[in-house]
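Please work through each task before reading its solution.

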There are 2 protein chains.
Amino acid sequence: MKKRHGNDMKGWHGRLLRVDLTAGTCSVEELNQTWAHKFLGGRGLATKYFVEEVDAEVDPFSPENKLIMAAGPLTGTYGAANGRYMVITKSPLTGTIACSNSGGYFPSELRYAGFDMIIFEGKSEYPVYLQIHNDKVQLAAALHLWGKPTQDTEDTILGEFHGDAKVACIGPAGEKMVNFAAIMNDKHRAAGRSGVGAVMGSKNLKAVAIRGTGGVKVADNTAYRNASMEAYGLLKQNPVSSEGLPALGTPVLVNIINQFGALPTRNFQEDTFEGAEAISGESLAANYLKRNKSCMGCIIGCGRVSGLKGSRFSGDGEGPEYESIWALGASCGVDDLAAITKANYICNEYGIDPITAGATIACAMELAEKGLLSEEEIGMPLQFGDADAMVKLIEMTAKREGFGEKLGLGSYRLADSFGAPELSMTVKKQEFPAYDGRGMQGMALNYATSNRGACHVRGYLVSPEILGLPEKINPQETAGKATWAKIFQDFTAVVDSAGVCLFTTFALGVPQFSAFCTAATGVDYTDETLLELGDRIYNLERVFNLKAGIDPSQDTLPKRLLNDPIGAGPLKGEVARLDQMLPEYYQLRGWDEGGIPTDEKLKELGLA
Amino acid sequence: MKKRHGNDMKGWHGRLLRVDLTAGTCSVEELNQTWAHKFLGGRGLATKYFVEEVDAEVDPFSPENKLIMAAGPLTGTYGAANGRYMVITKSPLTGTIACSNSGGYFPSELRYAGFDMIIFEGKSEYPVYLQIHNDKVQLAAALHLWGKPTQDTEDTILGEFHGDAKVACIGPAGEKMVNFAAIMNDKHRAAGRSGVGAVMGSKNLKAVAIRGTGGVKVADNTAYRNASMEAYGLLKQNPVSSEGLPALGTPVLVNIINQFGALPTRNFQEDTFEGAEAISGESLAANYLKRNKSCMGCIIGCGRVSGLKGSRFSGDGEGPEYESIWALGASCGVDDLAAITKANYICNEYGIDPITAGATIACAMELAEKGLLSEEEIGMPLQFGDADAMVKLIEMTAKREGFGEKLGLGSYRLADSFGAPELSMTVKKQEFPAYDGRGMQGMALNYATSNRGACHVRGYLVSPEILGLPEKINPQETAGKATWAKIFQDFTAVVDSAGVCLFTTFALGVPQFSAFCTAATGVDYTDETLLELGDRIYNLERVFNLKAGIDPSQDTLPKRLLNDPIGAGPLKGEVARLDQMLPEYYQLRGWDEGGIPTDEKLKELGLA
């Protein structure tokens, strides 16, 4: 292991760790400084490395696919909620670039160990896990961990490696390459979407354990402190970051979105759920919540420590989050919060994305309802609202057992195999989260154009459309939404690349981020150059997807959202009017009418 | 990993580590206290565990064979030269119990980490190595180490695990299961004989790395200090331990044994070597010796740090020892000390036993000389005295390349495959060391009855027969030799079980060991009970060998030693007169006339 480089980078350590799983070797490389300036870190910089090193047509489960874990230059610093990292790879679920992120303490520990990024390449012949103790880096045998649930895996590693280590790992679902397996860290945090855990499993990499005892230096301490103080003030003034999220966590949204009439129910067949109150954040707080929990250095503290004592299930853990409650609840017509919480625990223990898992079960329920899927094929009777069946199927999916084998492919491949792909509520084969795009046109556009398929955290237009942050806009208006979508997508790319939690953006805007990034790195980022940087990242992802064969015709929504009006509730009669927004969006992006980035645009961004 | 046990054992930690390589798990067990009292530690206690747990008929390379690394209750204490450990397994070379021992710093480190013993069982699916950092124990991936020479392996482990760790490992020869592969520790120390490294390789276990920062407690500090002071005094008074070994190391014996006329030359066809002076300890000191080196806490310091600068070869390392010089030198008719030293370095780097390796090449040279083995089969011309061919064949053997494949089976299987098993100078398929039994009848008896085949360190009657320690006896006399052999064999079993270097016994006798063992453990060992303990161990090994199918008819010597008189030199006309000693030896051992331990004897020893 080489000594730390004598580079002159600030904010970044300027060091990446390359792990060749085929050879079983680890080496340190100097970070490409030019790329770091242009792509910041985390999502942006890791994507740059990824597209430079990996053929876009690669099979996601082949050794030629790589998996990058990347912190940003703000990760591990005090400031706002700067404890995030990104996982970049090619997704087995969508075939697009996958970039999933997570908080907790693991990401900061990577930085405290002196690294900005880890690139995993090749495939180990056998199960291993990576141990990082500052400069000491090695692969440990993981045969004894293979098959273990995530929390047990972490405990075993803490015992044998270092009691203060931070651990990211896959569960049995990742090992078995369930298409939407997650990478769990700090036991309850997840890089959840797009199957990044399955890629990790395909490489026989069970876990990454880090013990870091060094610090993270910023370029201008005074400016950084000033930016932090401003950020604290804004976070403390903002109702979502200072009240809603701390009090009820993300499940605060169950009642809000349901009352708005856009809580997709029974696989998007309805948009208000009669059982919403029973599965709301308020209900969770009253019944199973023990206390809040923060990620590294975060003053929001949206995490929920919970337990099922007093219910018909057993177990303790964290969550469920809003999206999980929706996917395992309203989406399946299930109003049993204990069952939802139990199912969420299983998702965390086995390492699968509860959004896709729940939505795929909802799809199966509709296939059964419509007579396209028989009781024999499932191995049990299945209908909307059956909480016990939902829990059982989650477990079978996570273990890839019985009908779980088919559920583990995701709803698109499931529905398609039964001749009804239109019943899969997905974009680019990835399942929607908990907001019906018919109820908010900006979100509809954002869903259709997200580089990783349907997603709420690549441009969270719920914020202006529903929550009124930073300002209230009309959710049913399509005019202007292309601009909103582009700005939110680009800004999100910046936040994801800086290593900061997206939840800060309820209170913080681009000026706060340009102040943070400039103070941390010494590079003069303005609001304009920072948004351009986000635009650059978005286009880089787009170009990769195009090379990977993801045609712009996939910038669309399921027919149900485009053609079938919401049948009841406040938003009765609404459809997603994508055709009114997409051409403008392409134009704003500098893409041609077919959705292909122009050479001129790519040159402008330094991508061609 | 469990906490240290609250047992009341002294001297012993009372803890063993069990590593299930099949499952990839490590667990701590309390040491069997009754067995510890009866078998002391190291060789004795490990053999007890081995015979209790392993079927004697096991294939040495099957996962059902186990490999035990065991320190004694004195290992890691100050005292005399208390830095030894034993490796116990079933030998692929002999089919007998294998017990090879080594010094250096690795054995003491095992004790400083809080363990007395490690039992390896099963077989890893892939290359791993064991890391012990006090209570933290885990298997690390070793794909990146597989194929590496031993010293490079150790350096890599020091870099990635702990810079102060002590390492035992196998080289490529162990990985490829050369029948006489060694386990190297501290780069230049070897548990060399009987192929223990091949068994380690068969389990896909590349190395054991230990960092221990705890101490070793003895039961009675005052008594232990007194025993140590007496031992220091005796070691300092004794000419071998205070002068011969420090000045010239074990190679001091080249001229002594040659002048005595018992230095086996050209595969035991002669017994004085015309090139002895050129390959003597004196020559080594004059040409390639840099300095002495001690194992942990040893005041003898027989180790030789050497280098080949100024010769036609290159390289630095340690050794060669007397036995290596003989096997690679006189045995092959080679008088080129640089070539011998180079070959010895290769043996250490690739991890093979230079005694068996050299003797097997000598056997091949005689096969070639007699026209039984052609130049085509070997791939090169081969005759006694060809130093370059010897070095080349050592490398091919270590790498198991070309004709090295056959050499790697050992001389018995080699000679047998060419129809001349009588040209293999072995007992129980293990090659002799550097003393012709025709020249010393006690050694002849000892060779024939050693539980691991031909061996000099299971009853070193060279000491009284040649060196006159503890008293001079007539080497050509057979009367009384059965008694000498039994006492030396039993005492050696005690020394090997205590964790002490056999070289201390030039100066220390049973009374010093009973004082040491009693002070360390608090168990009242007398001279009588300690020798009985040695007898118990010897019989335990014997019973295992019988169950393993090693018939007492194998208590014999090659026809050359029994029937062909030494042709020239001081011992002209001598043969090994085994028949004059063996019946008495069986009787003294309490075995029947056929060499089978009687029930009465086994009951007396607590073995039945």
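**Exercise 1.** Determine whether Trp591(B) is buried or exposed, and then classify its pairing with Tyr585(B).

*Solution.* The model is a predicted one.
Step 1: Trp591(B) has 4% relative accessibility, and therefore counts as buried.
Step 2: Tyr585(B), at 0% relative accessibility, is likewise counted as buried.
Step 3: The ring centres of Tyr585(B) and Trp591(B) are 5.8 Å apart, with 85° between the planes. Since planes over 60 degrees apart count as edge-to-face, the pair is edge-to-face.

**Exercise 2.** Classify the pair formed by Tyr322(A) and Tyr435(A), and state which parts of chain A this pair ties together.

*Solution.* Step 1: The two ring centres are separated by 5.5 Å and the planes meet at 55°, so the pair of Tyr322(A) and Tyr435(A) is tilted.
Step 1: Tyr322(A) belongs to helix 11 (residues 322–328), while Tyr435(A) is in the loop between strand 17 (430–431) and helix 18 (441–449); the pair therefore ties together parts 113 residues apart in sequence.
Step 2: Tyr322(A) and Tyr435(A) are both buried.

**Exercise 3.** Identify the relation between chain A and chain B.

*Solution.* Step 1: Chain B is superposed on chain A by a rotation of 179° with 0.0 Å of shift along its axis, at an RMSD of 0.0 Å.
Step 1: This is therefore the relation of a two-fold axis.
Step 2: The same surface serves both copies, as 100% of the contact residues of chain B recur in chain A.

Definitions and conventions
Residues are numbered from 1 along each chain as its sequence is written. Chains are lettered from A and ligands numbered from 1 in the order in which they are written. This is a predicted model: local features need pLDDT of at least 70, side-chain atom pairs count only at pLDDT 80 or more; totals for chains, interfaces and linings use all residues. Side-chain values use heavy atoms; hydrogens and water are left out. Copies are superposed by least squares on the C-alpha atoms of residues with pLDDT of at least 70 in both. Contact means heavy atoms within 4.5 Å. Rings of Phe, Tyr and Trp (its six-membered ring) pair if their centres lie within 6.5 Å; planes under 30 degrees apart count as stacked, over 60 as edge-to-face and the rest as tilted. Helices (H or I, at least four residues) and strands (E, at least two) are DSSP runs, numbered from the N terminus. Buried means under 20% relative accessible area, exposed over 50%, partly exposed in between (1.4 Å probe, protein chains only).
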